[in-house]
Amino acid sequence: MYYPPIIPVPYQVFYILIPTISIIGNAFIVYVTIRSRRLRNPCNIFIGLISLGDLLHMFAQYVMIISHNIIDDHVIRQNICVLWQSIPLLALFFSSILLLNVAIDRLLSLRTFYKQLVDEYKIKYVTAQTLPATIFAVGMLIWAAVEATPNEMVVCVVTAPMRGLLYDVFVNLIIVINVLIILCYTVFLLQVRKIQMSGQVMKNIYRSLIIISATVIFGWFSTTLIASFANIFRIKVEQLYVHLLAGLFVNFACATNFFVYYAVSNEYRQVFDEYLFIRRVKKAVGVTVVSSIATKTMDRASEFQSIRSKPTPVD
């Protein structure tokens, strides 16, 4: 018996293409964080952990699309979905909280005691900052497992394991976290303006903050607002399609991580160039372009010389 697809084809294409880009980009960030000694400070470690969380979170979309297409009626038992989505869900909970820790870390970095703190107690500091996100992620996953039921059939999207109160708590908490992140960066920006810094450094900080804030708003904040809007106004749209629409923003935001860091941060750009061999590609492309231009110039010169050397016909 034929069952028409529940997830429209354009959504299926998006939820394969964008997560693939996200997985590759975030894997690059995790890789260079491990390899480079220049990225061993707490902020870079947090960024690496967030990228790892985003990477694992993106596998949820593969679970969704594959399960949707290999099962005849496109739905599975909710408790099975919880099992299949457990690792992506754990990563989702973890990285969403750790975003706030990065903002707090940036605020602390303006304090005089920060350098001594991270120099002498870096491991303890990183552990203390990541512990709340870890506890939250494990706790939420256990809650999802306890609430799992075999009596409900679902399309296995990443939010399917979150039912009832659990889903409401998650959505509301994400809204609060994103508001706090924006407030932290606003305070950070105001405090930075009081510090005597070079114009270029100030410019980079402004640009980084604008992009980070825009990514947060465009990603998680937009996603949770759509979900909340649908719940508040009781919009008569299948909840699945609300989640699919909202997920476009957060998936796109996760996919931009690599490109944002490469474009904005000189430090990350240099590390990417070194460890991902991008510098070699740049040089190769540069040599190719120069060689191509030189070859074309020589060909044109030879052609011109050939024309000049031809005898002029006499009537």
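**Figure 1. Overall architecture of the predicted model.** Read along the sequence, the elements of this protein follow the order α-α-β-α-α-α-α-β-α-α-α-α-α-α. The model shown is a predicted one. The protein contains 12 helices and 2 strands. Of its 315 residues, 41% are buried.

**Figure 2. Spans annotated as transmembrane regions.** The unreviewed UniProt entry carries the annotation "transmembrane region" for residues 12-34, 46-71, 83-104, 125-146, 166-188, 209-234 and 240-264. Two of these annotated spans are described here. Residues 166-188 are 100% helix and 0% strand, with end C-alpha atoms that lie 32 Å apart.

**Figure 3. The packing of helix H1 against helix H2.** Helix H1 comprises residues 9-35, and helix H2 comprises residues 42-70. The axes of H1 and H2 come within 8 Å and cross at roughly 155°. Because angles over 145 degrees count as roughly antiparallel, H1 is roughly antiparallel to H2. The crossing of H1 and H2 is left-handed. By class, the residues in the contact of H1 with H2 divide into 16 nonpolar, 11 polar and 1 charged.

**Figure 4. The packing of helix H1 against helix H10.** Helix H10 is formed by residues 257-264. The axes of H1 and H10 are 7 Å apart, and the two helices pack at an angle of about 50°. H1 and H10 are therefore oblique to each other. From H1, the contact is made by Ile-21, Gly-25, Asn-26, Phe-28 and Ile-29; from H10, it is made by Asn-257, Phe-258, Phe-259 and Tyr-261. The residues of the contact of H1 with H10 comprise 6 nonpolar, 3 polar and no charged.

**Figure 5. The packing of helix H2 against helix H9.** Helix H9 runs over residues 239-255. H2 and H9 pack at an angle of about 140°, and their axes are 11 Å apart. This angle makes H2 oblique to H9, because the roughly antiparallel class requires an angle over 145 degrees. The crossing of H2 and H9 is left-handed. Asp-54, His-57, Met-58, Gln-61 and Met-64 of H2 make the contact with Leu-244, Asn-251 and Cys-254 of H9. Sorted by class, the contact of H2 with H9 has 4 nonpolar, 3 polar and 1 charged residues.

Figure 6. Ala-91 is placed in helix H4, which covers residues 86-108. The relative accessibility of Ala-91 is 6%, so Ala-91 counts as buried. When neighbours within four places in sequence are left aside, Ala-91 is in contact with Gly-53, Leu-56 and His-57. One of these residues, His-57, also belongs to the contact of H2 with H9. The C-alpha atom of Ala-91 is separated by 7.4 Å from that of Ala-137, although the two residues are 46 residues apart along the chain.

Figure 7. His-74 is located in the loop between helix H2 and strand E1, the latter formed by residues 76-77. Although His-74 is not a glycine, its phi is positive, at about 75°. With 9% relative accessibility, His-74 counts as buried, because buried residues are those under 20%.

Figure 8. Phe-277 is found in the loop between helix H11 (266-275) and helix H12 (278-309). Phe-277 has a positive phi of about 60°, and it is not a glycine. The relative accessible area of Phe-277 is 44%, so this residue is partly exposed.

Figure 9. Lys-282 lies in helix H12. At 42% relative accessibility, Lys-282 is classed as partly exposed. Neighbours within four places in sequence being left aside, Lys-282 is in contact with Tyr-262 and Asp-273.

Key
Residues numbered from 1 in each chain as written. Predicted model: local features only at pLDDT ≥ 70, side-chain atom pairs only at ≥ 80, totals over all residues. Heavy atoms only, no water. Helix = DSSP H or I, 4+ residues; strand = E, 2+ residues; numbered from the N terminus. Buried < 20%, exposed > 50% of the residue type's maximum accessible area, 1.4 Å probe, protein only. Axes fitted to C-alpha atoms, helices over the stretch in contact; angles between N-to-C directions. Parallel < 35°, antiparallel > 145°, perpendicular 65-115°, else oblique. Left-handed = near helix turned anticlockwise from the far one by under 90°. Contact = heavy atoms within 4.5 Å. Nonpolar A, V, L, I, M, F, W, Y, C, P; charged D, E, K, R; others polar. UniProt positions renumbered as here; feature names shortened; annotations may be inferred.
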